[in-house]
Amino acid sequence: VKTLEFRDGALLLLDQTRLPLSAVIVECRDHHQVCEAIQSLRVRGAPAIGLAAAFGVVLAAQEAAGEDVGRGVYLDAAIEELRATRPTAVNLFWALDRMQALARAQAHLDDASFVAVLLAEAGEMLREDEESNRRMGAFGADLVPEGARILTHCNSGALAVGAYGTALGVIRAAHDQGKRVHVWVDETRPLLQGARLTTWELQQLSIPFTLITDSMAAHFMARGDVDLVMVGADRVVANGDAANKIGTYGVAVLAHAHDIPFYFVAPFSTVDLATPSGDRIVIEQRKSEEVTSFHGHRIAPEGTVVANPAFDVTPARLTTAIITDRGVARAPFGEHLANLAGPAGGDDSPNSVLAGTDRR
Ligand code: MRU
């Protein structure tokens, strides 16, 4: 099933709030519906949000033809509305900046050609996304030993991207190479992206897994049952600090305490070199009902005060390596990420690990 697809002038999304119990496709016919889908997590995961927003710009261009304010003004307002949906995953801003730059460069085109050019660009981003995930899979699979027992948090599979997956993509690539792997799936409170989505994907891929609650990770690490941790990221900043789903930092601290390698897997569209360190990342705060309720059923008394940050930041010192679509970066991350971002953009070979780094 496709995470997202543009067909007959509409963006079709597999509604991730309904999985795994029902596979429902939602149809977005205007950019307001895309904003709602991103905010309500019908589409979620850093790269998938960016791609949905890119197609949201295409929808806005379609709408703009009938608007009095003028196409450019209408489109800029729509892009601001899409930008305001979620603050943490940098892919959203990366995708919107790219679409906005193209729209401005092609402002001379007639309406039909303008929409066609934007649609081609969003389609190209979707194609590049799959390619980059497969590259990360090839880079990362080398780091997965035969028989590895891998712990993951949240969902970083095909549902979180256009196709294939980031951290789950690496696990999938290792499995496809014939390595026997087993995945410990953190349920990922409060919204259960692990319990609902990662399990659903692993089942379809026939990759063995065991679902655990978030609080069980320490227990299994202490018993020697976890060989490595692999997670996706929503924003990797210049010094290698990385934001990911709330709870990731705790998993990284535990991995460090048990001397277990901890890997982030993220394409360069998730890398934000303009932000120097993790304390500058804006963390999304979500509704209290996500914590006071469990799958629609209230579990805390009325009036309970709640904190609900959707993400946390893992400091680079806890990370063994960041597997990107341009190669694998290790400490010192600042230097290595900047090298990978440079014009050479890393080495093309799947074994590209920057010189001077040691493997754990
Ligand atoms: O709130 P979500 O479900 O959008 O959060 C998603 C994550 O934290 C993923 O781990 C992250 O986007 C990286 S996987 C592509």
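Q: Contact means heavy atoms within 4.5 Å. Among contacts in the chain between residues at least 6 apart in sequence, what share joins residues at least 24 apart?

A: The model is a predicted one. In it, 73% of the contacts between residues at least 6 apart join residues that are at least 24 apart in sequence.

Q: How much of the chain counts as buried, and what makes up its accessible surface?

A: A residue is called buried when its relative accessible area is under 20%, and 56% of the 360 residues count as such. The accessible surface comes to about 14600 Å², with 53% of that belonging to carbon and sulfur atoms.

Q: How many positive and negative side chains does the chain have, and how far apart do the centres of the two sets lie?

A: There are 32 positive and 45 negative side chains, and 4 Å lies between the centres of the two sets.

Q: Why is Ile38 called buried?

A: The cut-off for buried is under 20% relative accessible area. Ile38 has 0% relative accessibility, so it counts as buried. Ile38 belongs to helix α1, residues 31–39. Beyond its neighbours within four places in sequence, Ile38 is in contact with Val43, Ile49, Ala52, Ala53, Thr85, Arg86 and Leu92. Arg104, 66 residues from Ile38 in sequence, is 24 Å from Ile38 in space, C-alpha to C-alpha.

Q: Why is Leu126 called partly exposed?

A: Partly exposed lies between the limits of under 20% for buried and over 50% for exposed. Leu126 has 22% relative accessibility, and therefore counts as partly exposed. Leu126 sits in helix α5, which covers residues 111–141. Neighbours within four places aside, Leu126 is in contact with Leu4, Leu51, Phe55 and Gly162. Between Leu126 and Val161 there are 35 residues in sequence and 8.8 Å in space, C-alpha to C-alpha.

Q: How do you know that Thr152 is buried, and what is it in contact with?

A: Thr152 has 1% relative accessibility, and buried means under 20%. Thr152 therefore counts as buried. Thr152 lies in strand β4, residues 149–152. With neighbours within four places left aside, Thr152 is in contact with Leu168, Val183, Trp184, Val185, Asp186, Thr198, Met230 and Val231.

Q: What makes both faces of strand β10 count as covered?

A: In a regular strand, side chains alternate between the two faces of the sheet. In β10 (residues 262–265), Phe262 and Phe264 are buried on one side, and Tyr263 and Val265 are buried on the other.

Q: How do you know that β10 pairs with β7 and β15?

A: Two strands pair if there are at least two bridges between them. Strand β7 (residues 228–232) is joined to β10 by four bridges, and the two run parallel. In this pairing Gly232 stands opposite Val265. Three bridges link β10 with strand β15 (residues 321–324), also in the parallel sense. Here Tyr263 is opposite Ala321.

Q: Why is Asp259 called exposed?

A: Exposed means over 50% relative accessible area. Asp259 has 58% relative accessibility, so it counts as exposed. Asp259 is in the loop between α9 (248–257) and β10. Its phi is near 55°, a positive value in a residue other than glycine.

Conventions: Residues are numbered from 1 along each chain as its sequence is written. This is a predicted model: local features need pLDDT of at least 70, side-chain atom pairs count only at pLDDT 80 or more; totals for chains, interfaces and linings use all residues. Side-chain values use heavy atoms; hydrogens and water are left out. Buried means under 20% relative accessible area, exposed over 50%, partly exposed in between (1.4 Å probe, protein chains only). Accessible areas come from the Shrake-Rupley method with a 1.4 Å probe; for residues, only the protein chains shown count as cover. Lys and Arg count as positive and Asp and Glu as negative; His and the chain ends are not counted. The place of a charge is taken as NZ of Lys, CZ of Arg, CG of Asp or CD of Glu.
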